[in-house]
Amino acid sequence: MRVRLPILACQLLVAAVWATRPIFAAASLAEEANAFNRPALHGGAIDLKAPDWQIPGDVRRIEDGMLRGDSEVILAPLVRFPGDQQLEFDAVAQQNICDRPACDDKAGGGWDYRKGHRFEDPLFEELFGDIPGPTHFFSYGVINDGRQAQTGGESPAGPRNARETAKRFGFRFVLDEKLDEAARYGLVCFGKMSEPAYKKRGIATHGVWVDPPMGASYFWLPNETLPLVRNGQGWIMDPRYLGHLVTEIEARAREKEYWAIPMFDELWTYYVLPPVPKDKWYPQVVEADKEIREKYGFGKYGMPASHEAGDPFERIAHRRWASDKLTATWEKAHKAAKAANPDMKVMGPTEGSNGTSADIEAWAPYFDILGGQCGLGETSTFFDSVRVGAVTKTYVDLSGKAVWMMVHACVGHAPRRTPEDIREMYSQVFRVGAQGLWLMHSEFNEQELEDAMFAEPARWRAMLQLADSMRKMRLPRLPTADCAILWSSDSTNSTLWGGLDGNNDRIISAYAILGPMLRSWFHFVGDLQIERGTRKLSDYKALYIPFAPYERASVVEKIGEYVQAGGVVICTDTEAFTWNLDGTLNGQRWERLKGVRRDSQRDAVSTFTTVAPGPLPLARPTTMTSLKPGWKIAPLDDKVQVLAAFEDGSPAVTLHRYGKGKVLFFAADPLRAGEFFRIPEPLYSLATPLDKESLVKPGAPIVVFVEAVQRWAGVQMGRDIWRFTLPPYAEDPYQKEKGLCLTGNYVFDVNEPVLEPNNAQTGGTYCYSRAPDGIADIVPAGAPIPFADGKLTNRLKAYKTRARSENRNVNFLEVTPKWIVSWTGKDPAAVTFDLKSEYPLDRVRFFFAGTAPAVQASGSRDGAAWTKLSSVPEESAGKDVKDIVLRAKGAYRYVRVDFAARQAGEAFELCEVEIWAERPK
């Protein structure tokens with residue numbers, strides 16, 4: 001039905017709607033019989049005639065007189081014209097679309113895909129194999145930095161910044177504790193293993209592949225200067241620089257100071273893929289263009305003139321050439337490094353979060369460890385909740401090497417990063433065959449809070465607990481794959497970023513169905529593996545093709561041989577195998593396999609329903625759809641069987657028997673995701689889509705259909721490997737403080753609300769008996785200072801004024817004094833806190849640097865008679881920041897902290913004070 005609701009004229013209304021929550025109270029809902037404008041709906045268009053409308057990203061239902069939905073969406077009714085306007089959208093009656101347990105998201109699988117983690121029937125030790133788990137984890141951060149500076153003192157990096165962060169925000173930071181932490185959990189830190197702080201703890205270290213002089217770019221040569229071609233940098237593919245890479249890794253190996261040496265971060269994505277702009281060409285580039293054109297471009301495709309405007313065939317030729325050049329470079333580099341130091345591990349680059357089009361199978365022999373970057377996606381789709389596993393498995397299957405994944409979990413990079421999200425992401429990494437991890441604790445969008453231990457402490461504690469579990473485990477035993485998903489490097493090379501592209505959503509959707517939902521065990525099989533014969537298609541009962549518009553003819557021929565010998569191909573990509581690499585159409589080569597010809601594009605999105613009787617074991621007819629209209633297709637002979645038909649009776653899914661095998665072809669792609677809520681100009685424009693919609697979710701019709709295909713092809717489902725899950729946390733990662741913070745300055749992490757609910761707004765003040773003589777507070781001694789303003793209790797202001805994405809201010813001599821006080825003199829001093837009312841006290845906690853004198857806490861009801869609560873002796877923090885807790889018992893209005901005469905140290909820096917009470921029972 002179509003639902004129409006009146007809305008006010010001349011307004012822009014944006015409403016965030018959560019799962020199973022009503023959108024509007026539907027006092028009156030009008031049913032419309034006329035056809036719904038589906039082309040406009042799925043194309044993201046807005047009807048310019050009143051009423052203006054925008055459809056939600058999924059199907060809504062009417063339940064109990066309310067309009068509801070099963071997923072989080074954003075409704076944005078746009079009202080442009082005066083007069084009475086209405087919002088229109090599809091709604092359906094509540095229904096159960098699948099009654100079989102294998103398709104029920106509340107049965108066996110147990111996925112809450114909005115949160116992104118599995119929550120039922122996990123397995124851990126039951127799946128262990130014989131290979132030990134990881135002993136080390138790469139640490140992406142600098143808080144565990146124990147290097148010495150060239151002058152012999154401590155390195156200014158990492159610890160210096162962390163100490164200033166701890167002072168401003170009131171945290172504990174003790175470098176020795178962080179180094180002990182690195183040793184305990186096997187963190188691989190940056191620096192040389194001979195550094196005293198590392199050596200005495202046995203900490204493994206890593207360096208950098210290329211070590212240019214301070215201030216120079218990576219693309220630096222010792223005896224000549226590379227022309228600047230892009231973003232003020234030289235060209236990485238210059239043959240002189242490729243030779244320099246070999247020299248540099250050999251130099252690192254000869255130092256014998258490093259456990260491992262990683263390659264560039266996102267080398268392929270950001271340094272190799274963008275070609276040299278045509279106006280910056282120089283002799284070496286001209287020679288490369290000639291070689292690309294002759295050896296890879298069929299005499300007509302050379303280096304693209306620009307990155308953004310590259311022709312697909314030029315991109316493919318350029319990137320094939322670059323990948324082969326790098327393979328030769330890695331071979332020389334690995335040989336040189338291993339000759340100098342066979343124990344040092346040589347690591348490949350960590351590419352972006354959608355896989356890579358680089359030939360990592362060819363690269364694999366020349367790296368000890370490979371891997372890439374991954375993370376939960378930013379949308380509410382199911383496939384984004386399993387993206388970590390999908391990206392990891394591409395690296396595992398295409399390289400056949402030890403894979404360590406860099407799992408993104410920092411603020412601004414990962415939309416879901418609770419401890420349970422971290423546990424699920426790390427479980428996904430090992431679930432699909434990886435052997436190690438980078439612990440990502442550096443914060444890119446929190447420049448002053450700079451590290452997870454400051455920004456989101458629970459996340460860092462979770463990472464460490466999981467590291468402890470992983471060091472004690474054995475890697476899960478992997479099954480033998482009996483089906484496969486094609487990874488078309490040729491098609492991926494045709495895209496702008498060679499992997500970082502929405503087209504890969506279809507590959508991840510195929511992974512989501514076959515793996516997490518149906519629990520089949522499959523391989524990603526690369527087109528280059530097929531061409532080389534390093535993966536034999538005959539090992540698989542079924543091959544899925546979700547994205548492959550560009551593919552070399554030799555691979556199409558080999559897939560034909562696989563089908564002829566009895567293999568089953570399921571092609572959901574309507575554009576698959578359109579183009580050969582030479583710019584010609586694969587045409588008849590592919591048509592004779594699939595048995596149909598594409599005639600013309602369909603005008604509108606339409607549902608399609610399975611035809612009975614059919615060969616697939618479906619309990620009842622299944623109706624599916626796509627987010628794109630698809631194609632009109634025509635069978636080429638009577639051997640083609642229609643498995644599903646569109647509403648007009650034309651074929652939607654066909655089965656063609658070819659030799660001993662079969663090809664299933666979809667005329668409309670059910671795996672393609674759509675960007676939710678894109679309103680085109682001139683009406684209104686959003687810079688980026690707010691979400692994506694996908695038809696791939698537990699219990700969805702396409703999952704029911706693929707399940708039937710898997711049974712029909714004889715593929716095993718229900719594999720236990722998909723239940724592998726790291727064990728629950730033995731200790732609570734959150735460790736939130738208990739009680740009421742009477743100074744109102746307790747902050748748990750960066751997330752809202754920054755001011756935690758257990759802060760009591762007492763309206764209290766404090767004053768000094770002796771003013772700080774080093775760094776002063778905001779008023780003289782004796783004058784009352786409100787908790788909300790004083791330097792001892794202003795943590796909330798520090799959070800609100802912190803540098804985030806912009807560079808932090810490192811002029812600490814200017815910044816830090818704004819947030820702390822200090823005494824250089826050694827005479828006693830006292831700070832008295834007036835809580836304005838009596839509270840049942842529990843503890844007093846303060847953070848300090850330098851030397852804290854012996855201290856005593858006392859309580860008073862009237863400010864005259866004082867009762868001693870507790871005391872501690874003098875303690876030194878040195879350059880670090882420590883905290884001291886004074887226990888307190890009894891109900892008091894006033895709290896006095898008496899600092900005795902200091903016996904040692906040059907200064908006492910007091911950074912933050914918290915006074916805590918018991919919660920009322």
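This is a predicted model: local features need pLDDT of at least 70, side-chain atom pairs count only at pLDDT 80 or more; totals for chains, interfaces and linings use all residues.
User: Is His441 buried or exposed?
Analyst: His441 sits in the loop between strand E17 (436–440) and helix H13 (452–455). A residue counts as buried under 20% relative accessible area. The value for His441 is 0%, so His441 is buried.

User: Which residue in E11 stands opposite Phe137?
Analyst: Strand E10 covers residues 137–140. E10 is joined by 2 bridges to strand E11 (residues 187–190), and the two run parallel. The residue opposite Phe137 is Leu187.

User: Which residue in E12 stands opposite Phe190?
Analyst: E11 also pairs with strand E12 (residues 205–206), in the parallel sense and over 2 bridges. Within this pairing, Phe190 faces His206.

User: Which residues lie nearest the centre of the second largest pocket?
Analyst: This pocket has a volume of about 1,700 Å³. Strand E10 and helix H5 (239–255) each supply at least two residues of its lining. Of the 47 lining residues, those nearest the centre are Arg147, Phe190, Gly207, Val208 and Asp211.

User: How many residues in the lining of the second largest pocket are nonpolar?
Analyst: The lining of the second largest pocket comprises 47 residues. By class, 10 of them are charged and 14 are polar. The number of nonpolar residues is 23.

Conventions: Residues are numbered from 1 along each chain as its sequence is written. Side-chain values use heavy atoms; hydrogens and water are left out. On a 1 Å grid over the protein atoms alone, a cavity is a set of points where a 1.4 Å probe fits but cannot get out, and a pocket is an open set with protein on both sides within 12 Å along at least five of seven lines; lining residues have an atom within 4 Å of a point. Grid points are joined across faces, edges and corners, and a volume is the space filled by probe spheres set on the points. Helices (H or I, at least four residues) and strands (E, at least two) are DSSP runs, numbered from the N terminus. Ala, Val, Leu, Ile, Met, Phe, Trp, Tyr, Cys and Pro count as nonpolar, Asp, Glu, Lys and Arg as charged, and the others, Gly among them, as polar. Two strands pair if DSSP finds at least two bridges between them. Buried means under 20% relative accessible area, exposed over 50%, partly exposed in between (1.4 Å probe, protein chains only).
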